[in-house]
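Please examine the sequence and the three-dimensional model below.

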Amino acid sequence: MTERTGMTWTRVEEILPAYGADPARWPDAERAAAEAVLATDPARARTLLERERSLDQTLDSWAAPAVSEKARASMATAATPGFISRVRGAFNAGIGWRGPLWQPAGAFACALLLGMVAGGAVPATAIDIAGFTDLDPAAEAYGETAELEDLLSDFDILDAEGDPS
Amino acid sequence: MSTGTPRSSVSDPGPPDADLLERARNGETVAYVHLLNRYRDRLAGYAYRLTGDAAEAEDVAQESFTRLWRSFSFNPPSGNAGAWLHRVARNLVIDRLRRRGRHAGAPGPDLPDDTPGAEEDAQRRDTQTRVRAAMAMLPERQRAAIALVHYQHLSNIDAAAQLDISVEALESLLARGRRNLRDALRAEREDLGPTEGSGS
């Protein structure tokens, strides 16, 4: 018999041997339709269901033991955050960061690397600047002196050694 | 083809798994405790169905949780902690059984005597022993399928996802598993009825 839902006795006879007699274990989308099909022939349904229910009951008799107190205590002791989780939590609380921890860590590493690269270049520049600044008055003075010496030489005011002639 | 929507894998009304996982990832001890309380018994029960050994099931559950806690440092699961834990537990069981080269449930302690009436209790324990032995003799995938659907009450879709198979393949495993159990247990229960065929 085919129902409007497309459910058939053939399908019901596949569902029951796979999932058992308890409709709660049947596929959600097929449960109502399967129950509707079973309702059309109670005698046939009873035979199918009783067969599976008997196996269900036997399987249900195998109860799982409760977890021992020792194991419960051991598991509870281990249920604590690790170092990285605590660091992430601190980030979360401190700066409101909710993304992966590697992102701020990566940003910090990049900044550090950039600083090191810049640090390799900046000292040479600093020396040049310092050298320029330190030498600037002398250079200017030397330059002015040289120009003056050249000018005076032109007018024979100074001899070749720079002494007054 | 069967279809269906996933049943909830948890019954307690607390925060959703995704929320707990996020909080645990950020070092909230309360979230760890909540996850442990939510899944400890279920996971140990699942491991027990797979191993047939209570002590080993506790070890497997504990190791599964340890791996979950460790995962928060590097690659934590997202969404469904129960599915993640069940998958880890099954892999641990497979590894253990493979190392020991034995079927699940071959040894193992008897369950505690907690019912009145010695005769009833003896009968009950005998039935449990037979069911445990019958489950232990199943191929691992059939055993896992029955553990997930019959004992853990997972939907067909969730159980299929756990086993990385299609719903149709899950259904086939379940049908063959139940048929094999029926064969093995027929001596126990005459009313289990004849099998329609045999297979593994």
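How many cavities of 30 Å³ or more does the structure hold? The structure holds 1, where a cavity is a set of points, on a 1 Å grid over the protein atoms alone, at which a 1.4 Å probe fits but cannot get out. This is a predicted model, in which local features need pLDDT of at least 70 and side-chain atom pairs count only at pLDDT 80 or more, while totals for chains, interfaces and linings use all residues. Residues are numbered from 1 along each chain as its sequence is written, chains are lettered from A in the order in which they are written, and side-chain values use heavy atoms, without hydrogens and water.

The largest cavity has a volume of about 50 Å³, a volume being the space filled by probe spheres set on the grid points, which are joined across faces, edges and corners. Its lining (residues with an atom within 4 Å of a point) includes A:Tyr19, A:Arg25, B:His150 and B:Arg178. Helix α6(B), residues 140-151, contributes the most, with 3 residues. By class, the lining has 6 nonpolar, 1 polar and 2 charged residues.

Helix α8(B), residues 167-185, also packs with α7(B), residues 156-163: the axes, lines fitted to C-alpha atoms over the stretch in contact, come within 9 Å and cross at roughly 95°. The two helices are therefore roughly perpendicular (65 to 115 degrees) to each other. In contact (heavy atoms within 4.5 Å), residues including B:Ile157 and B:Leu163 of α7(B) meet B:Val167, B:Leu170 and B:Leu173 of α8(B).

How values were computed: Axes fitted to C-alpha atoms, helices over the stretch in contact; angles between N-to-C directions. Helix = DSSP H or I, 4+ residues; strand = E, 2+ residues; numbered from the N terminus. Parallel < 35°, antiparallel > 145°, perpendicular 65-115°, else oblique. 1 Å grid on protein atoms, 1.4 Å probe; cavity = no way out; pocket = protein on both sides within 12 Å on 5 of 7 lines; lining within 4 Å. Nonpolar A, V, L, I, M, F, W, Y, C, P; charged D, E, K, R; others polar.
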